[in-house]
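Open your viewer and get ready to click along.

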Amino acid sequence: MIGRKKYENIHEMNKQGFNRLQISKKVRVDKRTVDRYLAMPLDDYLAIERKTIEGLAHYRDFILDIIRVCPQVRDTNLLYRLREAFPDFNYKRATFYRYVKRLREETGFVQKEFHRRRGIRNTPEPGFEGQVDFGQYKMPDMYGGVKRVYFFVMALSYSNMRYAYFNHEPFTTTTAIMAHEYAFRYFGGRPCQLCYDQDRVFVVNENLGDIILVKEFEEYVRKVGFSVYLCSAYDPSSKGRVEAIVGHIKHTFLDGRIYSGIDALNGQCLEWLDKGGNYTFDHHRNSTAKMLFEKEYPKLIKVKPCVAIEQKIFCVRKDNTQILYKKNKYAIPHEAQRTTDRVRIEEEDGILTLYDAITDKFLCKYNIPETEGNVLCLDESVSHVKTGVEQARRLLGNEDLAIRFMDTLAVTNKRYYPKQCSNLVVMLNYVSRQSMLEAMNHCFTVERHSIVELIAYLIYRHGKDSVRKFCYDTQLSYCKRRAEKIKEEYHGNPKD
């Protein structure tokens, strides 16, 4: 469906005596579209427009939730997120853009206009060149904080086919080489030459043209066989394709997205690349990156893996209390024992740091002992009792409702208060803070202040699957019965 302005222009030009071919060229729509809208009365057009707006209004709250978090998010990003969340979403791109424009004007989240500099680009031969760059971005996380993520981007210069890999910390030479391996696997080969900045991850010194590469990277380049082209200092235009793609990833993929773990982010990025990121239209060549890649792929040079890509991830023992690393056992924090199946570790300067491998959540730190055969436990001063209370208050923030609920728990359930706080921390890994606050409000309404009542309300609102990961079977059975009673309290008994 075309916009109101185009509809009015078609009828106005028709009244002025323009034929349908002239109208088609002027308004930039197909001749058959011109015929269809010339035969359509204004009332019929308004009825279709009203029906379209009413249909898109079902997605209004979803769109506004993203725009409120990130007002500068691009409409292309919104469209992709909708198609990702609602597979049955089938509105046309232009119709959706007009709706979002109207929604932004109504709510005040209007985008700033920007003018893009355009020019003719020299395109290398297929399979000859690729460009590499890094980026970083601050994302809101599930707990109301901010997480900085770092990403590696490789783009093929002929087709503009791109690949991105995210990391939770700044790239080192080792992790950058791993990202190269992932990129070559994704493309199915490598180009003859790769273009880089003078980044210390790859380069020690330009040395007046006699480039000195970092030793590990130089060995990798020699094994794989591609040549390195180093950009001049302060000359980003020499690899403008990948520079533009870094910005494209920030504004089209990352804007408005909530961080839920580095593995999840990499999975979402691969899906975005396959469904939208590599389907951007190149107006200069009248084609998409995916279509041009079909010509470039046969020219790429096949690469055998040169680096064993390994991650230090350990399965937690069956009793869910410890991991075994270098002949020493390390205890898992109490509040994570029920939810953590795999642990990622980092070893640096004699310190062993443990993270949840799925959510990338920090667990604890240990000093690595000099001897073997030790069983290391957390210090009593940071026991799960104290940590659970502190973490629950931090995750729930400064909300008055949350503070009142925890103070009430401390008075009414003094003996079990620390344990209930630990349970709250576990629950907040799977339930949004907004849903938790809604459940707490229910507890005050019915004057039942307990974790069991919280779980029962969450079952009533979101179903039993929403709590299965942090609720024991016996507890779940009781909470389901209580959830049915809550439903009767709010909606009455259907038998009555």
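**Stop one: a sheet and its helices**

Select helix 11 and you will find it lying across strand 1, strand 2 and strand 3, running at about 170° to strand 3. Keep in mind as you look that this is a predicted model.

In what order do the five strands of the open sheet come? The order is 3-2-1-4-7, and the pairing is mixed. At the edges sit strand 3 and strand 7 (227–230), each pairing on one side only. From one strand to the next, the twist averages 30°.

Zoom in on strand 2 and strand 3, which run antiparallel and are joined by six bridges. Strands of a sheet pair through backbone hydrogen bonds. Select Tyr 150 and look opposite: there is Asn 167 in strand 3.

**Stop two: helix 10**

Select residues 240–254. At 1.5 Å a residue, these 15 residues should span 21 Å, and the end C-alpha atoms are 20 Å apart, so the two values agree. Where is the kink in helix 10 centred? Click His 248: the kink there is about 25°.

His 248 is also one of the buried residues of this helix, which include Val 242, Ile 245 and Ile 249. An α-helix has 3.6 residues a turn, so residues three or four places apart point the same way. Show the neighbours of the buried residues, and you will meet helix 6 (75–85), strand 1, strand 2, strand 3 and helix 11. Just after helix 10, Gly 256 takes a positive phi of about 80°.

**Stop three: salt bridges**

The whole structure has eleven salt bridges. Select Glu 372 and Lys 327, whose side chains meet in one of 4.0 Å, N to O. Each lies in a loop between two strands, so the pair ties together parts that are 45 residues apart in sequence. Are these two buried or exposed? Both Glu 372 and Lys 327 are exposed.

For a contrasting setting, select Glu 453 and Arg 482, which are both buried. Their closest N and O atoms are 2.9 Å apart, and the pair links helix 17 (residues 451–462) with helix 18 (residues 473–491). Glu 453 also forms a salt bridge with Arg 448, at 3.0 Å.

How values were computed:
Residues numbered from 1 in each chain as written. Predicted model: local features only at pLDDT ≥ 70, side-chain atom pairs only at ≥ 80, totals over all residues. Heavy atoms only, no water. Helix = DSSP H or I, 4+ residues; strand = E, 2+ residues; numbered from the N terminus. Expected span 1.5 Å × (residues − 1). Bend = angle between axes of the 7 residues up to and from the residue. Buried < 20%, exposed > 50% of the residue type's maximum accessible area, 1.4 Å probe, protein only. Contact = heavy atoms within 4.5 Å. Pairing = 2+ DSSP bridges. Axes fitted to C-alpha atoms, helices over the stretch in contact; angles between N-to-C directions.
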